[in-house]
Amino acid sequence: MTLDQAFTLDQAFSWAGFLALFGWAALALSPLRPALSQAIAGAFVPATLALAYAFLILRFWGGAPGGFGSLEEVGALFGHRGLLLAGWLHYLAFDLLVGAWEVRAARRSGLPHLAVLPCLALTFLFGPIGFLIFLALRGFWLRGLSRRQGELT
């Protein structure tokens with residue numbers, strides 16, 4: 001039995017979604033076990049998704065039309081179900097890495113985890129929007145900290 005026969009693309013899609021949710025849950029619960037959360041969401045899950053991504057690229061790249069030269073070519077690439085799934089895994093892995101970075105950056109700057117949770121949800125759902133909101137939130141937080149420290153001196 002080949003790997004192609006062991007998993008359909010739809011099964012791999014479901015499996016990847018479950019795995020990604022496991023990583024996001026680890027981030028949401030990260031104050032309980034920060035190191036474990038980062039190991040899961042910042043390494044294990046993205047690396048597992050990256051391995052599946054690499055398999056899909058190696059398996060389907062040569063047989064698909066399209067490329068990266070135009071929006072039309074990218075559309076043709078994503079018209080192939082195997083490469084569409086690869087693209088989805090790419091999103092899942094990189095958005096999770098951004099979420100793991102947000103949690104680390106928040107912890108370093110003393111930003112309360114409850115304030116970060118909406119940013120994590122937005123990063124999970126809308127990637128760059130969640131990232132931008134996190135950057136703004138952290139910027140306001142750090143500006144407020146520097147003002148409070150200036151008042152103390």
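Where in the chain is confidence lowest, and where is it highest? I looked this up before anything else. The model is predicted. Helix α1, residues 3–6, has the lowest confidence, with a mean of 54. Helix α6 has the highest, at 98. I also noted the chain average, a pLDDT of 92. Of the residues, 92% score at least 70.

**Entry: the core**

Next I looked up the largest nonpolar core. I found 32 residues in it. Leu-27, Leu-49, Leu-89 and Phe-134 have the most contacts inside this core. At least two core residues come from each of α2 (9–28), α3 (34–60), α5 (81–109) and α6 (113–126). The biggest share is from α5, which gives eleven residues. I keep a general rule beside this: in soluble globular proteins, nonpolar side chains tend to be buried together.

**Entry: α5 against α6**

How do the axes of α5 and α6 cross? I read an angle of roughly 165°, with the axes coming within 10 Å. Angles over 145 degrees count as roughly antiparallel, so that is how α5 and α6 run relative to each other. The crossing of α5 past α6 is right-handed. On the α5 side, I listed Asp-95, Val-98, Gly-99, Glu-102, Val-103 and Ala-106 in the contact. On the α6 side, I listed His-113, Val-116, Cys-119, Leu-120, Thr-123 and Phe-124.

**Entry: α2 against α6**

I turned to α2 next. Its axis and that of α6 are 10 Å apart, and the two helices pack at about 165°. That makes α2 roughly antiparallel to α6. This crossing is right-handed. From α2, the contact uses Leu-21, Trp-24, Leu-27 and Ala-28. From α6, it uses His-113, Leu-117, Leu-120, Thr-123 and Phe-124.

**Entry: Ser-37**

My last stop was a serine in helix α3, Ser-37. Is Ser-37 buried or exposed? Its relative accessible area is 3%. Buried means under 20%, so Ser-37 counts as buried. I then listed what Ser-37 touches, not counting residues up to four places away in sequence. The list is Ala-26, Leu-27, Ser-30 and Gly-42.

Terms used:
Residues numbered from 1 in each chain as written. Predicted model: local features only at pLDDT ≥ 70, side-chain atom pairs only at ≥ 80, totals over all residues. Heavy atoms only, no water. Core = buried A, V, L, I, M, F, W, Y, C linked by side-chain atoms within 4.5 Å. Buried < 20%, exposed > 50% of the residue type's maximum accessible area, 1.4 Å probe, protein only. Helix = DSSP H or I, 4+ residues; strand = E, 2+ residues; numbered from the N terminus. pLDDT = per-residue confidence, 0-100. Axes fitted to C-alpha atoms, helices over the stretch in contact; angles between N-to-C directions. Parallel < 35°, antiparallel > 145°, perpendicular 65-115°, else oblique. Left-handed = near helix turned anticlockwise from the far one by under 90°. Contact = heavy atoms within 4.5 Å.
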